Amino acid sequence: MAWQRGSFDHTPSGQTFGFTWALLTTIVLVDVVWLACGEWHIQWQSLLNRATFIAACFLPLVFRRCRRSRRIRILCEAYAVATAFSTAAMIFSYLVASTAHPLTDSFLAAADLSLGFHWGGYYQWFTSHPDYAHLAGILYSSTILILLGEVAFLALSDRRERLVELIELLASTLVVSIIVSYLAPATGAAKYYWGKYHADISDWTEFELLRSGTLRTIDVAHMQGLISMPSMHMVIGALLCWSVRDTRAFAPFIVLNLMMLSATPVYGGHHAIDLVAGASMTVVAIAFRRRVTMVGGLRHAVGPRTTIDI
């Protein structure tokens, strides 16, 4: 008779946010070193407020009933790590924008035209349908709230593996997007075509200030999205749909995110190729993570073994 151990040591229910916390630590270290080596300043009150909010994410665990609930515990941790990571990553994106590498908008605009997409024509069509534009704009502005709602849905419905996957994919794709924006920065289509179409560019006023070196104080309470290529709204929308696959929420999320993405070239000021790049990066990230997870699971399943013969 033989007793074997190893096939049940690793289960999906044992997954945590360890990868995301580790990646967060790396980004924080990069931020700290970069800030210390440059003439940068942090608005400390805003950073303290953000840190207080992150700590408050764990406040429900003060109550015994919440501590005993695995669903509440993972929800609290998910909100905390997502908030902390987005804060550190946004600071990183500001530091990266200050490097002022040559802009790539002319190449992105040419890529749009090769795809048959004319940003100016789309802008005029979109703004000529004010009711639809208003609704799509609300969805675009509410992307983070929708994301927080889906995190709660996954946690409270005990879809722990889906939630871990979502947070890990969001964190890793955000880091890759910032690195791409370092290598190939872009102002975005709204600014590139502003002289002809005069789109609203008031949400991206700090990009040029960072590139010129004029802006050297970072206020985490009032940070702007500076990543044009690839589109993070495309990434978030795709991951939101992916995370609710095989659930009743899938079809509504497809519709809502398609409307949100239709607003992205206008309200996000993106080139169409930004969305294509975001979608491609998401597919690659999902495939890579599933491959790594599968290989890791197989390795854990086949060994190590402890055998006792009687």
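**Notes on the model**

1. At 0% relative accessibility, Ala 78 counts as buried; buried means under 20% relative accessible area, exposed over 50%, and partly exposed in between, with a 1.4 Å probe and protein chains only. Ala 78 sits in helix 4 (residues 70-97), where helices are DSSP runs of H or I with at least four residues, strands are runs of E with at least two, and both are numbered from the N terminus. From Ala 78 to Met 294 the separation is 216 residues in sequence and 23 Å in space, C-alpha to C-alpha.

2. On provenance: this is a predicted model, in which local features need pLDDT of at least 70 and side-chain atom pairs count only at pLDDT 80 or more, while totals for chains, interfaces and linings use all residues. Residues are numbered from 1 along each chain as its sequence is written, and side-chain values use heavy atoms, with hydrogens and water left out.

3. Salt bridges. Searching the whole structure gives five of them, a salt bridge being a side-chain nitrogen of Lys or Arg within 4 Å of a carboxyl oxygen of Asp or Glu. Distant parts of the chain are linked here, as Arg 70 is in helix 4 and Asp 158 is in the loop between helix 8 (143-156) and helix 9, 88 residues apart. Arg 70 is partly exposed at 32% relative accessibility, and Asp 158 is partly exposed at 30%.

4. A salt bridge also joins the side chains of Arg 289 and Glu 168 (2.8 Å, N to O). Arg 289 belongs to helix 15 (residues 272-302) and Glu 168 to helix 9, so the pair ties together parts that are 121 residues apart in sequence. Are these two residues buried or exposed? Both Arg 289 and Glu 168 are buried.

5. Lys 191 and Glu 208 meet through their side chains in a salt bridge of 2.6 Å, N to O. Since Lys 191 lies in helix 10 (residues 189-192) and Glu 208 in helix 12 (residues 206-212), the pair ties together parts 17 residues apart in sequence. Lys 191 counts as buried at 17% relative accessibility, whereas Glu 208 is partly exposed at 36%.

6. Helix 9 (residues 160-183) has 24 residues and reaches 35 Å from its first C-alpha to its last. That is close to the 34 Å expected at 1.5 Å a residue, the expected span being 1.5 Å times one less than the number of residues. Helix 9 is mostly covered, with 17 of its 24 residues buried.

7. Aromatic pairs. There are 15 in the whole structure; rings of Phe, Tyr and Trp (its six-membered ring) pair if their centres lie within 6.5 Å, and planes under 30 degrees apart count as stacked, over 60 as edge-to-face and the rest as tilted. Trp 119 and Tyr 123 have ring centres 5.2 Å apart and planes at 10°, so this pair is stacked. Both residues lie in helix 6 (residues 119-127), four residues apart, about one turn of the helix, and both are buried. Trp 125 and Phe 126 form a tilted pair, at 6.4 Å centre to centre and 55° between the planes. Trp 125 is partly exposed at 42% relative accessible area, while Phe 126 is buried at 1%. One aromatic cluster takes in Phe 117, Tyr 122, Trp 125, Phe 126, Tyr 132, Tyr 140 and Tyr 267.

8. Charges over rings (NZ of Lys or CZ of Arg within 6 Å of the ring centre and within 35 degrees of the ring normal). Arg 216 lies over the face of Trp 40, 4.0 Å from the ring centre. Arg 245 lies over the face of Trp 242, 3.8 Å from the ring centre.

9. Backbone. Which residues does a cis peptide bond join? Met 229 and Pro 230, with omega about 0°; Pro 230 is in the loop between strand 3 (217-218) and helix 13 (232-243). Ala 100, in the loop between helix 4 and helix 5 (105-114), has a positive phi near 55° without being a glycine. His 198 is not a glycine either and has a positive phi of about 50°; His 198 lies in the loop between helix 11 (194-197) and helix 12.
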